[in-house]
Amino acid sequence: PGSTTILGALKLSGRTASGWSVGVLDAVTDRARAPWVDGEETIEMADVEPRTNYLAARLRRDVRQGTGSFGVLATSVSRDLGDEGLASRLRSSAYSVGVDGSLEWDSQTWALAGKISGSRVNGNAEAIARTQKSSARYIDRPDATHLDFDPAATSLSGFYGRVGLSKQSGSWQGDLGATAISPGYEVNDLG
């Protein structure tokens, strides 16, 4: 907050009597510039952060007197990349959407939960190539013949899913689950 100029923000949250919870947070930050010194000791100004719109929204419904729920979550980042240097390092936009649900029974001894989400990032070819090569995915590694590195790509999409069954109380407790994540899943733009 001390180094980012927030041009405007909106926060909306609440809960209805019928069990729906809603939360929306939207903020627009201004372009940031910083000084730098070139090889001839001339002070120049450079864009270090573009004007950006951030959005996070959540809708959830409680059921069965609070022992179950289902919901949806969506996030969005949209950047105004007017600078060539920023466009090569940052993605111009990022989106994610997901659904989740959970159910508890037998006096909350057992729980079943699941979630699935998808993501998409867009940008110029250099920014998306950097995303494919990042340590989160290494799509370009030579031993990964099942992955396709595309240096000309201007977008990257992926999914995440998890389902789990838990025993939460009693003399023994445990969790059995399965998770799947595709190489193109990227949700780091919103932080």
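At 45% relative accessibility, Arg64 counts as partly exposed. This residue sits in the loop between S5 and S6. In this predicted model, the phi of Arg64 is near 55 degrees, a positive value in a residue other than glycine. Most residues other than glycine have a negative phi. Ser107 also has a positive phi, of about 55 degrees, although it is not a glycine. Ser107 belongs to the loop between S7 and S8 and is exposed, at 72% relative accessibility.

Thr67 is found in the loop between S5 and S6. Its relative accessible area of 17% makes Thr67 buried, because buried means under 20%. Which residues does Thr67 contact, leaving aside its neighbours within four places in sequence? They are Ser102, Leu103, Glu104 and Gln108.

**Salt bridges**

The whole structure holds 13 salt bridges.

| Salt bridge | Distance, N to O |
|---|---|
| Asp30 and Arg51 | 2.8 Å |
| Arg60 and Asp62 | 3.1 Å |
| Arg79 and Asp189 | 2.8 Å |

The side chains of Asp30 and Arg51 meet in a salt bridge. This pair links distant parts of the chain, 21 residues apart: Asp30 is in the loop between strand S2 (20–29) and strand S3 (32–37), and Arg51 is in strand S5 (residues 51–63). Asp30 is partly exposed, with a relative accessible area of 22%, and Arg51 is partly exposed at 40%.

In the bridge between Arg60 and Asp62, Arg60 is partly exposed, with a relative accessible area of 34%, whereas Asp62 is buried, at 18%.

A salt bridge also joins the side chains of Arg79 and Asp189. Are the two partners buried or exposed? Arg79 counts as buried at 12% relative accessibility, and Asp189 counts as buried at 11%. Both residues belong to a network of salt bridges that links Arg79, Arg91, Arg137, Glu186 and Asp189.

**Helix H2**

Helix H2 covers residues 125–133, and its buried residues are Ala127, Ile128, Ala129, Thr131 and Gln132. What do the buried residues of H2 pack against? Their partners are helix H1 (84–89), strand S8 (110–122) and strand S9 (155–167). At the start of H2, a side-chain oxygen of Asn124 comes to within 3.1 Å of the backbone nitrogen of Glu126.

**A nonpolar patch on the surface**

Which residues form the nonpolar patch on the surface? The patch is made of Trp20, Val22, Leu59, Phe70, Val72, Val97, Val99 and Ile116, and together these residues have about 630 Å² of accessible area. At least two residues of the nonpolar patch come from each of S2, S6 and strand S7 (93–105). One of the patch residues is Val22, which lies in strand S2. Val22 is partly exposed, with a relative accessible area of 36%; patches take residues with over 30% relative accessible area, so Val22 is above that cut-off.

Key:
Residues numbered from 1 in each chain as written. Predicted model: local features only at pLDDT ≥ 70, side-chain atom pairs only at ≥ 80, totals over all residues. Heavy atoms only, no water. Salt bridge = Lys/Arg side-chain N within 4 Å of Asp/Glu carboxyl O. Helix = DSSP H or I, 4+ residues; strand = E, 2+ residues; numbered from the N terminus. Buried < 20%, exposed > 50% of the residue type's maximum accessible area, 1.4 Å probe, protein only. Contact = heavy atoms within 4.5 Å. Polar contact = N/O pair within 3.5 Å; in protein donor to acceptor, adjacent residues only side chain to side chain. Patch = residues over 30% accessible without salt bridge, like charges linked within 9 Å, V, L, I, M, F, W, Y side chains within 5 Å. Areas by Shrake-Rupley, 256 points an atom, 1.4 Å probe, with all protein chains shown as cover.
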